[in-house]
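Student: I'd like to learn how to read a structure like this one. Can we go through it together?

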Amino acid sequence: MLALSPAAKAASPGEALLAEVNLVLSQTAAQSDSARLDTIGTSFGGRHIKAVTFSREQRKPSTGVRVLIMCGQHGNETAPIRAVLECLRSWSVSEHKLGDAEVVVVPVVNPDGLVSGRRLNAANADLNRDWASPKQPETTAVMSLVDKFRPHVAIDLHEWTDSDSCRQNCIEIAGSGNTANVALADAIAERALRRAKSHRFPLAKVFYSPASDSRLAHRKLTADGVCGLLVETSPRHCDSDRRQAYEYIIQSVIDETSQPSDPQVAAVVSRLVAQCPKASQWPPNAVGQNVNKLSDSGSRACWTMLTAFAIWVVGFASVPKRNRCAGVKLPGRMSKLHTATGADAEPSEVSIATKLAAIRSRSRSASDPHINDLALVLSDR
Ligand SMILES: [Zn+2]
């Protein structure tokens, strides 16, 4: 009797893609010594939400930047998911591409929407309008991951669909706010734009304002002190060009944080990492049901957690109160730590802010004449 693969048994294209995602995640965790697969939560419809973590220093403090990559909030946007699968396949055999970064990938935030081919989740909620005060199980699961992983950078991948009026390929970042994170986001976007130009792929950098809809994931995370970015590509371009674009945009995040192109950005990265080191509860299996490499013996896991807790207690007691960032709830504490404005701003960051103002003034007047219009249209993604 002929054995069918999970994808072959699938009843819908979305179900087939979800089966492929699960297969790639399992293969990635099996092939790479630094990768670990976790189930971080369960969707409204009862499907697992999975994340794969790449870390060279499993169970040890990391000295690199932590990056969160997520896509599939909207179930009818499959191009970013396919691109991320290519990244996972690549990283599982070429880990050097990750540099010193520790990377968590959530390829399908909305598995119910993917299976049904719909933008919304099974509770008819638009997940990318739920982040200001997460209520859906999918957004709650990712925020729980954020609380524990505490990313310095987060990138949320989307795509325009046929019903969208705006179809410009773009990277959206904050137009104001935390100076250090704005500088880093700008440097990442500029690196991605250079790569897009070399591939002759039209890609724009756009900014959102403080008045923009704050319910979107990258804006919420930016408000919490994370360097947040959002990507959109247009279905007017062929699949291979778009997949390549997502891949080099993601790689730009890792490259710019591992080997910054500007000494001033390097100073910002160093400061961010120093100010917010890895949370002590990460990576022990406090995230959720672990399905791969943390299935060690119970006693070893227990001792590991006890040891980590003891280290955390000693470390927490010895750190001045204003520098404590290993707390249970991330947003308030982390936003202070990642904020370098006013009296806390260092000269290098002030000069970066000046540089950015000049860049933006040039972009608005010359190369990106539609930038303000785009900021308005993009609020509808
Ligand atoms: Zn979307």
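Tutor: Leu229 is buried, as 27 other C-beta atoms lie within 10 Å. Buried takes 20 or more such atoms within 10 Å, with C-beta atoms placed from the backbone. By the way, this is a predicted model: local features need pLDDT of at least 70, side-chain atom pairs count only at pLDDT 80 or more, and totals for chains, interfaces and linings use all residues. Residues are numbered from 1 along each chain as its sequence is written.

Student: Where is Leu229 found?

Tutor: In strand β8, residues 227-232. Strands (E, at least two residues) and helices (H or I, at least four) are DSSP runs, numbered from the N terminus.

Student: Which residues is Leu229 in contact with, leaving aside its neighbours within four places in sequence?

Tutor: Contact means C-beta atoms, placed from the backbone, within 7 Å. For Leu229 the list includes Ile155, Ile171, Ala185 and His218.

Student: How do the axes of α6 and α9 cross?

Tutor: Axes are lines fitted to C-alpha atoms, for helices over the stretch in contact, and angles run from 0 to 180 degrees between N-to-C directions. Here α6 (residues 179-198) and α9 (residues 263-275) come within 10 Å and cross at roughly 125°. That makes α6 oblique to α9. Oblique is what remains after under 35 degrees (roughly parallel), over 145 (roughly antiparallel) and 65 to 115 (roughly perpendicular).

Student: Which residues of α6 meet α9?

Tutor: Ala180, Ala183, Leu184 and Ala187. Leu184 touches Cys227, Val265, Val268 and Val269, not counting residues up to four places away in sequence.

Definitions and conventions: Two residues are in contact if their C-beta atoms, placed from the backbone, lie within 7 Å. A residue is buried if 20 or more other C-beta atoms lie within 10 Å of its own, exposed if 12 or fewer, and partly exposed in between; C-beta atoms are placed from the backbone.
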